[in-house]
Amino acid sequence: MIHEFDAVIVGAGGAGLYAALEASKTAKTAVISKLYPTRSHTGAAQGGIGAALGNVDEDNPEWHAFDTIKGGDYLVDQQAAKILAEEAVQAVYDLENRGLPFSRTPEGRIDQRRFGGHTRNFGEAPVHRSCYAADRTGNMILQTLYQQCIKNQVHFFDEFQVLELLLDGTRVTGVVVFELAGGEVHVFKAKAVLFATGGFGRMFRITSNAHANTGDGPAVVMRAGIPLEDMEFFQFHPTGIKGMGILITEGVRGEGGILLNSGGERFMQRYAPTLLDLAPRDMVSRAIMTEIQAGRGVRGDRKIDDYVMLDAGHLGREVVESKIPDIADFCKTYLAIDPAEQPMPVQPTAHYAMGGIPTDTDGRVVTADTLYEGLYAAGECACVSVHGANRLGTNSLVDLVVFGRRAGRHIAEYVTGADMPSVPADAGEAVRLRIAELKSRRGEHPGPVYEKMQSTMMENVGVYRDEERMSTGVADIQALREAFKSVRVQDKESRFNTEVLAILELENLLDLSLITAASALNRTESRGAHSRVDYAERDDHQWLKHTLAAIERGAVTITYKPVDTSIWEPKPRTY
Amino acid sequence: MKVTLAVQRRNSEAGPDPYEQRFEVGVEPTDRVLDALMEVYRNQDGTLSFRKSCAHGVCGSDAMLINDEERLACKTLIQDVTEQDGDVITLAPLKHMPVQRDLMVDQGRFFEKFRAAKPFLITDQEPSEREFIQSREERKLFDDATKCINCSACYSACPVLDENPEFLGPAAIVAAARFVFDSRDKGLEPRLDVLDTPNGVWPCENHFACTRVCPRDIKITKLINLTKREIKKYREARGETAAEAK
Ligand SMILES: Cc1cc2nc3c(=O)[nH]c(=O)nc-3n(C[C@H](O)[C@H](O)[C@H](O)COP(=O)(O)OP(=O)(O)OC[C@H]3O[C@@H](n4cnc5c(N)ncnc54)[C@H](O)[C@@H]3O)c2cc1C
Ligand code: SF4
Ligand code: FES
C-alpha cells in the first residue's frame, strides 16, 4: 500500500510527538511508531528536565549552557548548547501551561532539584535547575504531549515499524514500513521525514533502556549512506540496580543521597571535591569502577559486575515517599528493600547515546559537506551536538522538546514550498524480499548472538577502554555479524509476527555496535564518556573534532567534522 | 531453578481455539516473569507472541494473567508466583478484549474509551504568571491519577465488564479524574457527557478488583467514588438529577 503525507514523523516519544504537534499545524502529518505512543521510553525518564527558571535558586541560561559544554568535555557545539539552554525555559512553561503536573514549591511554582554537573556561576556549587514531577517526569512529558496530540487529532500509525529510508540522491522521498497487525509492507511517500526513534542501549548487557531501544533510526539512515556522528560516546549512568540495570535516578543524589564503598566511605570526596556525588555521570561511573578495581566494591572481587551502595536512608521517609516514590517501588519490587531504611546496591548501567544522526539546530540532517533535503532527526537518535562527549542529567528531555519543536517548525515551513517527490515503482520490494528470505532460512535462534553482542560490548567497550579490549570488541562483533547470517525467523505467520521485527532489530544493534566499537578504537584520547586507559588524557590538538562513521562494504570508514567552540575556549575539566 | 511456563496460546495457524503449550525454563528466583518469556522467545520458540518494552513496570505493555491474576510480567518476579523448583506458572491473555495472538490483546476499544474521557487539559484561564500557580495541596488531589500507564489490567479484572461491555471502565475514569481534580482544568463540566451517563461512572459497584490488580497502586475505586460524588454535588447545586437516578 502507498500512502502520501507532507511529513512523516518516525517515533512517538517526546521528540517525535513535539515535532508532530508543530509540523501538523501546516503539514499533513503522519506519526509512525512501532510502539503504542505512551509506551515509548521517554515515559521511563525519572529525574527531571533542566531549565534555568530560577524558582528555587538564582539561575540563568548562560550558566546552563556553560555547564552543558563543560559537562560534554568541550565536544559540544556551543551555539547549539546556547539555544538549548535559552529555549529550555519557555519550553518548560509551555509544557506546564499544557497541563504537565510538575511538583510544586511551597509558593505553588514549578519545583526544581539539583542534578549532576548543573552549577551556579560557572561551577561554584550545585544549583536547583531540574524541573520535575516526582520521579516520573518523562512519563508526564510523554502523557502531556500525547494528550495534546489527541486534542489536535494528529494522525497515528501505531505498531508500524520503519525498515528503510528512501532517498533520491540527497533528497528524501519516503520510508518503507512494516505493519505488525497484518504483516503488510507499506510505502509512505513524503516531502519530509523526521527520525525520532530514541536510543540503543540494548547493545549492552546491563542497561536502563527498553527492549525497544534498538537504534532503528540511525541504522536505517546509515544504510542509506549517511554516516553517524560521535558513536563512541555512550553514557554509563552510575546508578543502575545491580544486575538488572534498572535506573535509580540521579535525583536521589540531587535530594542528598550518597555513594558508599565497602568500607562505608563516601568515596566521591576523593574524585570530585566540590560537586562530590553530583559530579557528571562519566566521572562518577569511573569512580565506581576504580573503587571496584581496587577491591573496594561490596563483594570485593574486582570483577566488572561488582557494585557499590547508594544511601538515601538519612533523607527520611517523607522525602523518599514524596520525591522518589517510583524508586522506592522499584526497590521494593526488584530488591525487596526499603530505601528509606536500607542502602541500594548499584552499578553503572548503559544509559544514553550521545552520538547519532548528525543534524543542525533545525533538526536537518547534515554531514561535513552534505545537507539531506527533507530529512530530519531529533531526540536521542540525533546528534546536534548538545551533549558532546557526555550528557548532563536532565538535558535529554530538554533536547527532545527544544529540538523536537524546532525540527517540527522547520518542517511546517519547508513542506509549504516543496513538491511531493516520487518513489520508484518497486519501492518496498527489497524489504519484502528480505523478509521472505529471513523466513525461508534454516538456522538458529537469535538468542546466542544477542547475548554475545551484549556481553562483548559490556566488557570491551564499557566505562574503561583500551586498545586490546576494543580490538577484541570489534572482532567479536564482526564475527557475530557473520553468525547473524544463519539466524532464522521461525515464525512463518503474517499476522502479528513480532519475530521478524526482533531479528531486524538485532541486525540494527549489530551494525551500531560495530560502529560504536570501531569509532572508539579509532579515537586515541580520553574525553567525557570515552575513557581510555592507554590514552588517559584529552588531546584537543588532535581530537577536538566530531567523528563521522559508516559501514561500507563490511568495514567502518571514518571522517570528521569540526566542533563549534565559538563561545568558551576549551579548558581542563575539574569539579 | 527450573520452572514451567504454561502459556495459553492462540493463532490462526493452529485454528481459532486456544490451547496450552508448556515451556521449561532455567531461571533465578529473582528473575522477572518477562525474563523467562524472553528466554523462551529467543532460544526456544520465536513464534510466542507478547508485547513488552520498558521491562520495569512503567510502559504498560505486558499486562497478562499470571496464575489467573492480572499482573505485569516485568513487575512479577518468579519467586512471587512460585514456591519451589519445578512449579508451573500459567500465562494467559487479559480478559474483556479480543485476543490478537497468544498473549497479545486488541486494546482498541479500551483506548477509544480513554480518548472519550477527554484526557487533556481543558481550560480558558490564562496562567497568572508564566506558569499556573498551583499549591502543593491542589497538586496532591490528582497525583494518584497521573500514575496510570494504560496497561488495561483493571479493565480485565473488572467484574462489571463481564456483564456490561459498554461500561466506560476503570482506566478511562481515572483518566478523566486526572483532570477533573486539577485546579487548572475546567474539570467536570466538559466531561459530564461521558461520565454522567448510564454507562459512564454509574455501573461501578465497588468490587475493588481494579484497585487490587493495578500495578501502579492507584486507588481506582476511590477515584471513581470521588468522581461520582463530584457529579452529584454538581447536579444538586443545579437542582438536576444525575444519570444514575434517571
Ligand atoms: C530510565 C531512564 C531515565 C531517564 N531519565 C531522564 C531524565 O530524568 N532526564 C532527562 O533529561 N533524560 C532522561 N533519560 C533520557 C531520556 O529519557 C531519553 O533520552 C529520551 O526520552 C528519548 O526520547 P526520544 O523521543 O528520543 O525517544 P523514545 O522516547 O525512546 O521514543 C522512540 C520512539 O521511536 C519509535 N520507534 C523506534 N524505532 C522505530 C521504528 N523502526 N519504526 C517506527 N517507530 C520506531 C518508538 O516506538 C518510540 O515511539 C532517561 C532515560 C532512561 C532510560
Ligand atoms: S488504572 Fe492501573 S490497572 Fe488500570 S490501566 Fe491504569 S495503571 Fe493499568
Ligand atoms: S514492559 Fe513496560 S510495563 Fe512491563
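Trainee: How many residues does the contact take from chain B and from chain A?
Mentor: This is a predicted model, where local features need pLDDT of at least 70, side-chain atom pairs count only at pLDDT 80 or more, and totals for chains, interfaces and linings use all residues. Side-chain values use heavy atoms, without hydrogens and water, residues are numbered from 1 along each chain as its sequence is written, and chains are lettered from A and ligands numbered from 1 in the order in which they are written. Contact here means heavy atoms within 4.5 Å. Chain B gives 65 residues and chain A gives 64 residues.

Trainee: What area do chain B and chain A bury between them?
Mentor: Buried area is the accessible area (1.4 Å probe) that two parts lose on being put together, summed over both. Carbon and sulfur atoms hold 47% of it. The total is about 5,300 Å².

Trainee: Which residue of chain B forms a salt bridge with A:Asp326?
Mentor: A salt bridge needs a side-chain nitrogen of Lys or Arg within 4 Å of a carboxyl oxygen of Asp or Glu. The rule finds nine across the interface of chain B and chain A. For A:Asp326, the closest N and O atoms are 3.1 Å apart, and the partner is B:Arg216.

Trainee: What kind of aromatic pair do A:Phe157 and A:Phe160 form?
Mentor: The structure holds 22 aromatic pairs over all chains. In this one the centres are 5.3 Å apart, with 70 degrees between the planes. That makes the pair edge-to-face.

Trainee: Why does the pair of A:Phe204 and A:Phe236 count as edge-to-face?
Mentor: Both residues are buried (under 20% relative accessible area; exposed is over 50%, partly exposed in between; 1.4 Å probe, protein chains only). The ring centres are 5.2 Å apart. The pair is edge-to-face because its planes stand at 75 degrees.

Trainee: How many residues apart in sequence are the parts that this pair ties together?
Mentor: Helices (H or I, at least four residues) and strands (E, at least two) are DSSP runs, numbered from the N terminus. A:Phe204 lies in the loop between β9 (185-195) and α5 (216-223) of chain A. A:Phe236 lies in strand β11 (residues 234-241) of chain A, so the parts are 32 residues apart.

Trainee: How many residues of α11(A) are buried?
Mentor: Helix α11 (residues 395-417) of chain A has 23 residues. The helix is mostly covered. The buried count is 18 of 23.

Trainee: Where is A:Ser385, which a cis peptide bond joins to A:Val384?
Mentor: Most peptide bonds are trans. The bond between A:Val384 and A:Ser385 is cis, with omega about 5 degrees. A:Ser385 sits in the loop between β18 (382-383) and α11 of chain A.

Trainee: What is the phi of B:Asn206?
Mentor: Most residues other than glycine have a negative phi. B:Asn206 lies in the loop between α8 (192-195) and α9 (209-213) of chain B. B:Asn206 is not a glycine, yet its phi is positive, about 60 degrees.

Definitions and conventions:
Rings of Phe, Tyr and Trp (its six-membered ring) pair if their centres lie within 6.5 Å; planes under 30 degrees apart count as stacked, over 60 as edge-to-face and the rest as tilted. The expected span of a helix is 1.5 Å times one less than its number of residues.
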